[in-house]
Amino acid sequence: MSDIGNYPAPVDPLLLGARSFPLTQKVRKAREAQERAQLPARHFFQYQIKIMSTKHSKNDDYKFSKDSSATQFNLTVNGSQLDIYCCEPNEEVIAQYRRGAAKFALYENNGLVYFLSKFGDNGWMEAPFHAAMNPPHLTGVPVDYVEGIHHFGLSVTLRDISSDATYGARLVTLSKAMTARLVAVAKMQSAVPITRQDYESRIQGTFSRYTASQMARMAVVRCRGGEDEPAANEPMMREATGEYEPEQRAVVREFAHFTLLTGHQCIQRAEMVEPPAREFIRRLIEDAQLTGWTELVLEGKKYPVHMTIEGNNLTCRLCLPCLAGQKPRTAVLMAVALDAAKGQDCWRAMHEAAGGLTATTASQPPSQPWIAAMPMDNGGQGGQVLDYLEMMQWVADFERCLAFAFALWMVGK
């Protein structure tokens, strides 16, 4: 019996969670014949193949280009699997996939997760995933998984895009943080059914805006793979040991947010910030690297912004819109610390700049990553009170977006 069950019969894989390209009639017929022949042995996810080609022309029928590749990720009750599809890869490309350093990242957008992978010198590749697209008997996570103890073992197979011949395979581990996030996402997705049409539409919307490398920079968690070729009797999930502990660079997922003037405090979480907002602010951070200055354009108004980065800390001055011949005037001074222990001096500097008008205490810095903001100039002397009041309606959102954008920017450095 087919693993697909009552799921709709697969169509051209290029149209299922992929950047779509037209196929020649000959190639299309050959692929459809191959899919029909292999249907009983492969489940629905096996057809979500994406072809990447930098030489694609909109005026020509797309042909598989040599060394092009695509990835397909799935997580089921049986474990996690990554299939890499290549078209006539050379020996160097194969070696990179089989023995090169493995890097992974998770990008989340519009209810879907994109599993990003990079092997050796090969570029980033993305594979969309939604747990509810799996057949019911496969939906879920391995029953023996214990959070905080187990890593997922990721089975990676390198295949030929046309013949499905195997070039090689390897087993790598994912970090505890990435494993835990995959489990959490799979559980959330399993509780929210999604149609294939909606699934494809969301993927195409994301692919139209971001490349794989951009997604990797906006990822919520990243890690390097563990050791290659583990012992044959080693379980797919195992307790962390020094020998197999992967290097991990996870983005900060939560900040304590302080308004120094009033002492108000709240918690900001990564899921509160949409990826496009993070990317928008991240570009401002990039723009400010040369001179320290950049410009936030919002609803036709231009707000000068100055940023200074020292280690894991960012200090930002958000200014009122400049009038003719006027120097920028700081409306809100804010700072972000990714590491509380390394942000104590920055916390004290914020209080010194506030001139003793804070409800918080300089000698009692937060014990977790934090955001701090202090109103400075309300625009009264310059006749910009209305500009200031308008800014107060959205500045807290800007502070939150700035924090998570900075966290992502630091990971991508």
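**View 1. Val 385 lies in helix α8 (residues 385–391).** Helices (H or I, at least four residues) and strands (E, at least two) are DSSP runs, numbered from the N terminus. The model is predicted: local features need pLDDT of at least 70, side-chain atom pairs count only at pLDDT 80 or more, and totals for chains, interfaces and linings use all residues. Residues are numbered from 1 along each chain as its sequence is written, and side-chain values use heavy atoms, with hydrogens and water left out. Val 385 is partly exposed, at a relative accessible area of 36% (buried is under 20%, exposed over 50%, partly exposed in between; 1.4 Å probe, protein chains only). Together with Leu 386 and Leu 389, Val 385 makes a nonpolar surface patch of about 290 Å².

**View 2. An open sheet of 4 strands has the order β5-β4-β3-β8.** Its pairing is antiparallel; two strands pair if DSSP finds at least two bridges between them. The edges are β5 (125–129) and β8 (221–224), each with a single partner strand, so one side of each has no neighbour in the sheet. From one strand to the next, the twist averages 20°. Helix α3 (residues 176–190) packs on the sheet and touches β3, β4, β5 and β8, contact being heavy atoms within 4.5 Å. The direction of α3 makes about 35° with that of β3; axes are lines fitted to C-alpha atoms, for helices over the stretch in contact, and angles run from 0 to 180 degrees between N-to-C directions.

**View 3. Strands β3 (residues 102–109) and β4 (residues 112–119) run antiparallel.** They are joined by 8 bridges. Leu 106 has Phe 115 in β4 as its bridge partner.

**View 4. β9 (residues 254–259) is joined to β10 (residues 264–269) by 6 bridges, and the two run antiparallel.** They form a hairpin with 4 residues between them. In the turn, Gly 263 has a positive phi of about 85°. Phe 255 is bridged to Gln 268 in β10. β9 is also joined to β15 (residues 370–375), by 4 bridges and in parallel, and Thr 259 stands opposite Ala 373 in β15.

**View 5. β11 (residues 293–298) and β12 (residues 301–310) form an antiparallel pair over 6 bridges.** The hairpin has 2 residues between its strands, and Glu 299 in the turn has a positive phi of about 50°. Leu 298 has Lys 301 in β12 as its bridge partner. Thr 291 is in the loop between α6 (275–287) and β11. Thr 291 is exposed, with a relative accessible area of 54%. Thr 291 and Met 307 are 16 residues apart in sequence and 9.1 Å apart in space, C-alpha to C-alpha.

Key. Patch = residues over 30% accessible without salt bridge, like charges linked within 9 Å, V, L, I, M, F, W, Y side chains within 5 Å. Areas by Shrake-Rupley, 256 points an atom, 1.4 Å probe, with all protein chains shown as cover. Salt bridge = Lys/Arg side-chain N within 4 Å of Asp/Glu carboxyl O.
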